[in-house]
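Work through the exercises below with the sequence and the coordinates at hand. Each task is followed by a solution that goes step by step.

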Amino acid sequence: MFTLITLGVGAAFIFSSVAMVFPGRFPDSLRHGGMIPIYFEASAVIVVLVLLGQVLELRAHSRTGSAIKALLNLAPPTAKQVAPGGDNEVPLDRVKVGDWLRVVPGDRVPVDGTVVEGHSNVEESMVTGEPVPVAKGVGDQVTGGTVNGSGSFVMRAERIGTDTLLGQIVNMVADAQRSRAPIQGLADKVASLFVPAVVAIAMLTLALWLWLGPEPRLAHAIVNAVAVLIVACPCALGLATPMSIMVGVGRGAQEGVLVKNAESLERLEKATILVVDKTGTITEGRPRLVDILPNQGFDGKEFLRLSASLEQNSEHPLAAAIVGGAREQSLAIEAVKDFRSVTGGGVIGTIADRQVMIGKLEFLRNEKIPGMEGLEASAVKLQDAGKTVMYVAIDGKPAGLLAVADPIKATTTEAVQSLHGLGIKIIMVTGDNRRTATMVAKELGLDGLEAGIEPAGKVAYIKKLRVDGSRVAMAGDGVNDAPALSEADVGIAMGTGTDVAMQSAGVTLVKGDLRSIAKAIHLSRATMGNIRQNLAFAFFYNALGIPVAAGVLYPHFGLLLSPIIAGAAMSISSVSVIGNALRLRRMKL
């Protein structure tokens, strides 16, 4: 962007140098009051103004990084390392995985880890967005950067440095701020054509003033050509997109909306449909075992014990609910042999020489389990009540039903209303049965529902929506959602979910709350709108400034634009673009 400035300042300086050293070489027609005019002061002042503009830009630029600075300041500089002879205060970068660290009242938790002694209440608004302290005891996870309350505890360091949640957030924000939005390609293309065009306009200005201008013609020609080169510097055009991206991404991070790159932000703005998973996205993702219905001939406790023993090898939230239900009754969970999991179907294994199967009705039928019809009527009643039902077979016979309830998040209804207010259609796509999913969809007023869908089916459904012309955002939290997150125009991962989901997504919501999706969409629209304002201002400024600098007002008003004024105007345009971008810092999401 300094090409035009260099040409303008260089032309004025070289002309002035020649005029000063060899004044006799110039014709009398160039003399003004008997002297050849020189423009050293104009060259110097233009350089000073450009440098002043750069200083102002750098100061404003540093303010765009305030979000990252604020995040970095959440981590304490030191940690109290537990040692046999007493606690040692060590720099945070000397903490190793496995170290025991003491956290006293009022301190920030130094790294991610697990409480091994003591208990306290920890304020986790950095993660949850809620200022309400969360009780922590032995075995509970704590996150670096959160604030300890009145209690004291000892924790074991498990993730340090850039591996902590805070470190990952800082890296994601920094990478996103450095990324380029597709709209920036428009500015780059225009700039690549703009500079040669301006040089051509400056040469035309020089020629026209030499041909048609008043005396001294050469002086007027050089001054106006230099003014065109200076005023047309496209620095405002070059700053329009990256400034807005840096401020917008930083503002999102403060609200727990982490944007992977600028392209995701631009795509999210255009989203028309939001596809959401049910478990862990609409619901709490912490289902509880609420009904245990063994068939006649099966003991209830033995039925639950065998089911929980099999499910202990599964990572599905419903499996965790069954295992949790068995532990609440203090049932002994045994080891599993020949464990096998069928995606979207169920699990099979052997416990103490007894074969156990748990899963959907179709799964057990495919495994040739006879007599399942007797369980269906009971299952339908449970499903109509919004419960998820799993069929159990033991030793090749239908053994009964397990019903799990996963309550809808308290914030989901508000989130759905906010998204509808933004003009977003919401479609729930879930692997759960249609009866349960239909009840949830009706309660929330969703715009569409696809139930009983396996992970591959989610991908195919999103692909179909995109082929039909919809711009699709997908929100999910599990490993099974990762392919669908990648297939969508933009994937949104709930931060309470798995690392795989977060890596596949363009946007991560730290809090794991659907309301944050509305925040993310508002952020994307505000940021892209800000970029368009900046680009429009930069184009309008140059479109107005170039003809004025070329002298179109001179024939009617006798007005010319001094190169000094052109230099000041060029700097002001850049600072104005940055000032407009900085407005995003005060944006309400």
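**Exercise 1.** In this predicted model, find how many aromatic pairs there are, and classify the geometry of the one formed by phenylalanine 13 and phenylalanine 40.

*Solution.* The count comes to 2 aromatic pairs. For phenylalanine 13 and phenylalanine 40, the centres are 5.3 Å apart and the planes make an angle of 70°; because planes over 60 degrees apart count as edge-to-face, this pair is edge-to-face. Phenylalanine 13 belongs to helix 1 (residues 3-21) and phenylalanine 40 to helix 2 (residues 40-64), so the pair ties together parts that are 27 residues apart in sequence. Phenylalanine 13 is partly exposed, at a relative accessible area of 44%, and phenylalanine 40 is partly exposed as well, at 23%.

**Exercise 2.** Classify the pair of tryptophan 209 and tyrosine 554, and decide whether each residue is buried or partly exposed.

*Solution.* The ring centres of tryptophan 209 and tyrosine 554 lie 5.3 Å apart with the planes at 65°, so the pair is edge-to-face. Tryptophan 209 sits in helix 6 (residues 182-212) and tyrosine 554 in helix 20 (residues 554-557), so that distant parts of the chain, 345 residues apart, are linked. With a relative accessible area of 7%, tryptophan 209 is buried, whereas tyrosine 554, with 29%, is partly exposed.

**Exercise 3.** Describe how helix 10 and helix 11 cross.

*Solution.* The axes of helix 10 (residues 300-311) and helix 11 (residues 317-328) come within 8 Å and cross at roughly 135°, which makes helix 10 oblique to helix 11. The crossing is left-handed. Residues making the contact include Leu304 and Ala308 of helix 10 and Ile322 and Val323 of helix 11; by type, the contact residues divide into 6 nonpolar, 2 polar and 1 charged.

Terms used. Residues are numbered from 1 along each chain as its sequence is written. This is a predicted model: local features need pLDDT of at least 70, side-chain atom pairs count only at pLDDT 80 or more; totals for chains, interfaces and linings use all residues. Side-chain values use heavy atoms; hydrogens and water are left out. Rings of Phe, Tyr and Trp (its six-membered ring) pair if their centres lie within 6.5 Å; planes under 30 degrees apart count as stacked, over 60 as edge-to-face and the rest as tilted. Helices (H or I, at least four residues) and strands (E, at least two) are DSSP runs, numbered from the N terminus. Buried means under 20% relative accessible area, exposed over 50%, partly exposed in between (1.4 Å probe, protein chains only). Axes are lines fitted to C-alpha atoms, for helices over the stretch in contact, and angles run from 0 to 180 degrees between N-to-C directions. Angles under 35 degrees count as roughly parallel, over 145 as roughly antiparallel, 65 to 115 as roughly perpendicular and the rest as oblique. A crossing is left-handed if the near helix is turned anticlockwise from the far one by less than a right angle, and right-handed if clockwise. Contact means heavy atoms within 4.5 Å. Ala, Val, Leu, Ile, Met, Phe, Trp, Tyr, Cys and Pro count as nonpolar, Asp, Glu, Lys and Arg as charged, and the others, Gly among them, as polar.
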